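Me: I'd like to go through a model with you and learn how to read its features. Could you show me?

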Amino acid sequence: MSEITLPSVSTAKGDLWVFGYGSLMWRPGFDFEERVPARLVGEHRALCVYSFVHRGTPEKPGLVLGLDRGGACRGIAFRVAERNRTEVVAYLRAREQVTSVYREVMRSVWLENDARQRVSALAYVVDRGHVQYAGRLSLAEQHRHVVQGHGQSGANRDYVTATVKAIEAEGFRDAQLHQLVLMLHGDAHSLHAAAPNEDRENR
């Protein structure tokens, strides 16, 4: 696991892999050559970032996803052609680093394709020292922020719902996010026994 210097990721040679675990799964926003289900080990997906811009405001923060310490995360790896590398990195920085709440890093991810190879991918990991780091919130606290959150990119509840749909489309589940969606739709009852393919890594 290595931190990358700002220029290196955009100027390095070869194709670039990008790991998406939240909105990048359903709205990458950049050109790519290949899209492969992938698994990252060492960090997990969590609603641990207060959103002051895209899905909330400083006065009424929303919540967005970050990769936080421990566990593992299933998501999507996108392969970007070398010729588009600089442009895509610039786009991702403009999108993800509005308030510099993430650390731009390279992580090993395992592609869930026939080859099952390991690649090094660009990923955005939450900066635990940043003022927008929310830590581990209860479901009730998550619900309160998501209900109130609305920012430049729209309603916070739409962000959560779209992410859950993208996760389901890949054939797995994220227990916490699925529970939150049930609450957002007015059903605050606990989820029953996990589905056989529920992704317990992302709790």
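Predicted model: local features only at pLDDT ≥ 70, side-chain atom pairs only at ≥ 80, totals over all residues.

Me: What is the mean pLDDT of the protein chain?

Reply: The mean is 88, and 88% of the residues reach 70 or more. Over residues 1-6, though, the pLDDT is below 50, and that stretch has 15 contacts in the model beyond near neighbours in sequence. Residues 188-203 also stay under 50, with 37 contacts beyond four places in sequence.

Me: OK, now the overall build. How many helices and strands does the protein chain have?

Reply: There are six helices and 10 strands. Buried residues make up 51% of the 203 residues in the chain. For contacts with a separation of 6 or more, 73% come from residues 24 or more positions apart. As for the surface, the chain exposes about 9,700 Å², and carbon and sulfur atoms supply 51% of that.

Me: Let's pick a helix. How many residues of H6 are buried?

Reply: The general idea comes first: an α-helix has 3.6 residues a turn, so residues three or four places apart point the same way. Now the case here: helix H6, residues 175-184, is mostly covered, with eight of its 10 residues buried. Among them are Ala175, Leu177, His178, Leu180 and Met183. After H6 comes Gly186, with a positive phi near 90°.

Me: And a charged side chain? Is Arg107 buried or exposed?

Reply: Arg107 counts as buried because its relative accessible area is 5%, and the cut-off for buried is under 20%. Arg107 sits in strand S5, residues 102-111. Its side chain makes a polar contact with the side chain of Glu43, at 3.1 Å.

Me: Last one, aromatics. How many aromatic pairs does a search of the whole structure find?

Reply: Seven. Take Phe30 and Phe32: their rings are 6.3 Å apart centre to centre, with 75° between the planes, so the pair is edge-to-face, given that the cut-off for that is over 60 degrees. Ring pairs also link Phe30, Phe32, Phe78 and Tyr91 into a cluster.

Me: Why does Phe30 count as buried, and where does that leave Phe32?

Reply: Phe30 counts as buried because its relative accessibility is 9%. Phe32, by contrast, has a relative accessible area of 32%, so it is partly exposed.

Terms used. Residues numbered from 1 in each chain as written. Heavy atoms only, no water. Helix = DSSP H or I, 4+ residues; strand = E, 2+ residues; numbered from the N terminus. Buried < 20%, exposed > 50% of the residue type's maximum accessible area, 1.4 Å probe, protein only. Polar contact = N/O pair within 3.5 Å; in protein donor to acceptor, adjacent residues only side chain to side chain. pLDDT = per-residue confidence, 0-100. Contact = heavy atoms within 4.5 Å. Phe/Tyr/Trp six-rings, centres within 6.5 Å; stacked < 30°, edge-to-face > 60°. Areas by Shrake-Rupley, 256 points an atom, 1.4 Å probe, with all protein chains shown as cover.
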